[in-house]
Amino acid sequence: MNVFVSIDADNAGAIVGRRSLADDVDGLRQVSNTITEGNKIWTDWALDCGGEVISAGGDESRICVPADKLHE
């Protein structure tokens, strides 16, 4: 049996928007890198435990993992 997991970074879009409107290039880059790193944690875990990445982009990801791997 597989488990489908949806990940969404709360308020990430609002933070990106505020940094963009403020022309805060360094802050926007930092937020963007943090979002990318967060997605990578989840997608790497899914792949490492024999699951799959359905979609990953922006501040959202969808993964599928074997239910018996949830403890990892």
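These legends walk through several close-up views of a predicted model.

A word on the ground rules: local features are described only where pLDDT is at least 70, side-chain atom pairs count only at pLDDT 80 or more, and totals for chains, interfaces and linings use all residues. Residues are numbered from 1 along each chain as its sequence is written, and side-chain values use heavy atoms, with hydrogens and water left out.

View 1. Helices (H or I, at least four residues) and strands (E, at least two) are DSSP runs, numbered from the N terminus. Starting at the N terminus, the order of elements is β-α-α-β-β. The chain is more spread out than a compact globule, because its radius of gyration of 14 Å is well over the 11 Å that the globule rule gives for 72 residues. That radius is taken over C-alpha atoms, and the rule is 2.2 Å times the number of residues to the power 0.38. The C-alpha trace spans about 45 × 20 × 15 Å along its principal axes. Of the 72 residues, 24% are buried; here buried means under 20% relative accessible area, exposed over 50%, and partly exposed in between (1.4 Å probe, protein chains only). Among contacts (heavy atoms within 4.5 Å) with a separation of 6 or more, 45% join residues 24 or more positions apart.

**View 2. Helix 1 packed with helix 2.** Two packed helices are described by the angle between their axes and the distance between the axes. For helix 1 (residues 12–21) and helix 2 (residues 25–48), the angle is about 160° and the axes are 8 Å apart. This makes helix 1 roughly antiparallel to helix 2. Axes are lines fitted to C-alpha atoms, for helices over the stretch in contact, and angles run from 0 to 180 degrees between N-to-C directions. Angles under 35 degrees count as roughly parallel, over 145 as roughly antiparallel, 65 to 115 as roughly perpendicular and the rest as oblique.

**View 3. Who meets whom between the helices.** Helix 1 brings Ala 12, Ile 15, Val 16, Arg 19 and Ser 20, and helix 2 brings Gly 27, Leu 28, Gln 30, Val 31 and Ile 35. Sorted by kind, the residues of this contact are six nonpolar, three polar and one charged. In this sorting, Ala, Val, Leu, Ile, Met, Phe, Trp, Tyr, Cys and Pro count as nonpolar, Asp, Glu, Lys and Arg as charged, and the others, Gly among them, as polar.

**View 4. Asn 11 and Asp 23, in the loops on either side of helix 1.** Asn 11 sits in the loop between strand 1 (2–8) and helix 1. Its phi is near 65°, a positive value in a residue other than glycine, and Asn 11 is exposed at 59% relative accessibility. Asp 23 lies in the loop between helix 1 and helix 2. Asp 23 is not a glycine, yet has a positive phi of about 55°; at 66% relative accessibility, Asp 23 counts as exposed.

**View 5. Ala 46, a buried residue of helix 2.** Its relative accessible area is 0%. Beyond its neighbours within four places in sequence, Ala 46 touches Gly 51, Glu 52, Ile 63 and Val 65. Ala 46 and Cys 64 are 18 residues apart in sequence, with 6.8 Å from C-alpha to C-alpha.

**View 6. Gly 58, in the loop between strand 2 (52–57) and strand 3 (60–66).** Gly 58 is exposed, at 53% relative accessibility. Leaving aside neighbours within four places in sequence, Gly 58 is in contact with Ile 35 and Asn 39.
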